[in-house]
Number of protein chains: 2
Amino acid sequence: MSATSEIPPATVGRLPGYWRVMRDLVDAGANIVSSTELAEAAGVNSAQLRRDLSYLGSYGTRGVGYDVAVLSERIGHHLGGGRRWPVVIVGAGNIGRALARHHADDEHFRVVGLFDADPALVGSLVGGVIVSAMSDLEAIVASTGAALAIVAVPGTEAQSVCDLLAAAGVTSILNFAPITVVPAEGVNVRGVDLTQELQILAFHAARRRSASENGPGI
Amino acid sequence: MSATSEIPPATVGRLPGYWRVMRDLVDAGANIVSSTELAEAAGVNSAQLRRDLSYLGSYGTRGVGYDVAVLSERIGHHLGGGRRWPVVIVGAGNIGRALARHHADDEHFRVVGLFDADPALVGSLVGGVIVSAMSDLEAIVASTGAALAIVAVPGTEAQSVCDLLAAAGVTSILNFAPITVVPAEGVNVRGVDLTQELQILAFHAARRRSASENGPGI
């Protein structure tokens with residue numbers, strides 16, 4: 001195994017941001033970027049950036065910076081760039097349908113299956129993909145080789161759907177259901193809980209409101 | 001100002017998860033919960049949980065645990081519970097429309113405006129909300145008192161939309177556009193980048209694929 005297995009999760013979480021900045025630099029025709037410039041564009045401090053990139057074996061050249069083409073290629077390689085990853089989406093409700101349409105033209109991901117338990121939705125076309133029955137999930141994951149899945153089902157269904165995906169061979173899941181899923185052995189699950197995101201916004205708004213009602217603090 | 005201003009951002013990020021568990025306990029008729037039980041249900045370790053709750057002034061009773069009703073109310077208070085927060089959504093594309101429908105029946109949030117720059121979308125009805133022109137944004141934010149906004153526009157438009165929202169009086173923004181927005185003074189911006197989330201999944205899948213191709217590591 002490569003040094004990849006040593007990359008801390010927080011660093012992994014920042015790699016897509018670095019990659020976005022690097023691709024912009026490639027598009028702009030830049031050859032060299034300093035750690036200060038790159039850190040600023042990515043919204044991190046430059047010590048953090050240098051430490052993160054050192055996990056990829058990229059140290060740059062002191063007083064010069066990083067070779068844009070080399071670094072972009074290296075980050076992209078770690079993020080699975082260079083191929084278009086087949087993805088399945090389970091749940092053809094508002095969020096699942098939006099994601100199917102959103103990623104319809106994505107250069108890095110290709111929606112190869114969209115599934116729903118509701119027979120009324122099966123057979124309908126969303127973003128160029130026909131909604132399939134849950135009973136077809138295992139066969140479609142096998143035939144497409146999809147290792148990635150998006151789960152956009154009610155909280156009560158999320159655990160059993162994730163178990164089903166794991167059994168079918170999916171190894172990475174993005175879960176939009178409002179529950180914490182217990183991942184099967186060897187499966188990565190990331191959660192995006194939209195209501196929780198709004199609650200965090202409300203925390204800040206409530207704090208600001210309370211501060212303005214009570215006057216300035218001491 | 002209350003002790004609220006001292007709560008670290010990472011703790012704030014975990015409060016919605018604690019609140020969800022607490023409301024489930026309230027619904028189940030529980031009176032007391034131990035820190036171990038609560039930590040397990042929320043997917044954190046119990047030392048972390050106790051530290052997080054101590055920021056809210058909740059220490060529980062040694063050997064007994066936390067009073068479910070009191071703790072639930074306290075966490076909910078910090079997250080702006082007890083009122084239904086008006087939210088505006090800018091961008092009536094796939095993601096913006098899905099969020100408008102998704103939050104149509106939310107008990108904590110109410111979508112009071114949905115905006116788009118495309119005249120062809122203005123006037124259409126989405127999740128019970130009529131799409132408005134961008135030129136109506138300031139007036140609608142003012143009349144509804146919306147402090148929260150969701151931005152679901154292309155990356156090229158996100159900064160100017162966030163600036164417009166801040167000028168209209170919005171103080172908390174959830175940004176789905178694939179760029180890092182520089183927030184105006186006094187405005188909180190959280191980002192959810194769906195493509196980056198998928199790239200992080202692809203990182204893990206690529207690592208697994210590479211490990212299985214190269215055989216076990218040493």
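Leaving aside neighbours within four places in sequence, which residues is Thr11(B) in contact with? They are Asp52(B) and Tyr55(B), where contact means heavy atoms within 4.5 Å.

Before going on, a word on what you're looking at. This is a predicted model, in which local features need pLDDT of at least 70 and side-chain atom pairs count only at pLDDT 80 or more, while totals for chains, interfaces and linings use all residues. Residues are numbered from 1 along each chain as its sequence is written, chains are lettered from A and ligands numbered from 1 in the order in which they are written, and side-chain values use heavy atoms, with hydrogens and water left out.

Back to Thr11(B), which sits in helix 1 (residues 9-27) of chain B. Helices here are DSSP runs of H or I with at least four residues, strands are runs of E with at least two, and both are numbered from the N terminus. Thr11(B) counts as buried because its relative accessibility is 2%. Buried means under 20% relative accessible area, exposed means over 50%, and partly exposed is in between, using a 1.4 Å probe and protein chains only.

Now hop along chain B to Gln199(B), in helix 8 (residues 194-214). Gln199(B) is buried too, with a relative accessible area of 2%. Who does Gln199(B) touch, not counting residues up to four places away in sequence? The list is Pro16(A), Trp19(A), Arg23(A), Leu79(A), His108(A) and Phe109(A).

That takes us over to chain A, with its eight helices and nine strands. Of the 218 residues in chain A, 47% are buried. Along the principal axes, its C-alpha atoms fill a box of roughly 60 × 55 × 35 Å.

Strand 7 of chain A pairs with strand 3 (residues 85-90) of chain A in the parallel sense, over four bridges; to count as a pair, two strands need at least two DSSP bridges between them. Val90(A) stands opposite Val151(A). Strand 7 of chain A is also joined by four bridges to strand 8 (residues 172-175) of chain A, and these run parallel. There, Ala149(A) faces Ile173(A).
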